[in-house]
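Please keep the sequence and the structure in view while reading.

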Amino acid sequence: MTSFNLRRVKLRPGEQLHDELEVELPAFEFGGQRYVPVPEQVPAELEVTRATTGTVFSLRFRARLHGPCYRCLGDAVLELPIEAREYQDSVPEDEQMTTPYLVGDELDVSAWARDAVALALPDKILCRPECAGLCPVCGENLNDRPHTHDETEPDPRWAALEALRDDR
Ligand SMILES: [Zn+2]
Ligand SMILES: [Zn+2]
């Protein structure tokens with residue numbers, strides 16, 4: 001787990017601290033499928049800015065997830081540039097002015113990074129935006145072999161029966 005201890009940070013209003021750290025990302029379950037971060041550890045930039053009434057935290061990193069395409073089940077790679085921001089009021093009066101990732105002096109960067117990636121996931125993870133998916137009739141991958149089925153095309157089994165009848 002990556003966390004950042006604020007005890008050693010002494011900032012005056014307007015001052016900013018910049019730190020680079022490594023965050024480990026978990027695998028994500030999404031739409032019943034599993035998406036694995038490659039690499040699991042990514043470099044992240046953390047900025048802590050002291051404002052007059054509180055502290056602003058910002059976190060930046062890139063996540064790359066590998067998993068199955070929603071339409072064709074082929075390999076999909078998702079690149080997610082993440083930019084997240086949290087705010088902690090010096091005198092927190094309501095929950096909106098606090099960040100859930102700050103516990104005491106510890107900022108839980110791992111939990112924050114994981115939630116930020118989960119929030120950035122698109123509705124559907126596709127191998128490419130125009131993925132044609134699988135054929136609903138025969139199940140073949142339409143990206144590899146684009147085709148359609150003729151609705152009136154006779155079933156080959158019926159054709160065989162027809163042939164038998166003609167032979168009589
Ligand atoms: Zn696909
Ligand atoms: Zn087909």
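Tyr35 is buried, with a relative accessible area of 3%. This value, like the others in this report, comes from a predicted model. The ring partner of Tyr35 is Phe30, and the two rings form an edge-to-face pair because their planes stand at 70°, where an angle over 60 degrees is required for that class. Phe30 itself is partly exposed, since its relative accessible area is 23% and the limit for a buried residue is under 20%.

**Aromatic pairs**

A pair of aromatic rings is described by the distance of the centres and the angle of the planes. The model contains two aromatic pairs, and the table sets out their geometry.

| Pair | Distance between centres | Angle between planes | Arrangement |
|---|---|---|---|
| Phe30 and Tyr35 | 6.4 Å | 70° | edge-to-face |
| Tyr101 and Trp112 | 6.1 Å | 15° | stacked |

Tyr101 and Trp112 connect distant parts of the chain, 11 residues apart. Tyr101 belongs to the loop between strand 7 (75-89) and strand 8 (102-103), whereas Trp112 is in helix 1. Are these residues buried or exposed? Both Tyr101 and Trp112 are buried.

Strand 1 and strand 9 (residues 106-108) run antiparallel and are joined by three bridges. Within this pairing, Phe4 has Leu107 in strand 9 as its bridge partner.

**The zinc site**

Which residues are the protein donors of the zinc ion (ligand 2)? They are Cys135 (SG), Cys138 (SG), His147 (NE2) and His149 (NE2), at 1.9 to 2.2 Å from the ion. Along the chain, these donors follow the spacing C-x2-C-x8-H-x1-H. Cys135 and His147 link distant parts of the chain: both lie in the loop between helix 1 (109-120) and helix 2 (156-167), 12 residues apart. Cys135 and His147 are also buried.

Ideal angles for four tetrahedral donors are 109.5 degrees. The four donor atoms around the zinc ion (ligand 2) subtend angles of 103 to 119°, and the arrangement is therefore tetrahedral, as that class requires all angles to lie between 85 and 135 degrees.

Key: Residues numbered from 1 in each chain as written. Chains lettered and ligands numbered in written order. Predicted model: local features only at pLDDT ≥ 70, side-chain atom pairs only at ≥ 80, totals over all residues. Heavy atoms only, no water. Donors = N, O, S within 2.8 Å, 3.2 Å for Na, K, Ca; no water. Tetrahedral: all angles 85-135°; square planar, octahedral: opposite > 155°, others 65-115°. Helix = DSSP H or I, 4+ residues; strand = E, 2+ residues; numbered from the N terminus. Buried < 20%, exposed > 50% of the residue type's maximum accessible area, 1.4 Å probe, protein only. Phe/Tyr/Trp six-rings, centres within 6.5 Å; stacked < 30°, edge-to-face > 60°. Pairing = 2+ DSSP bridges.
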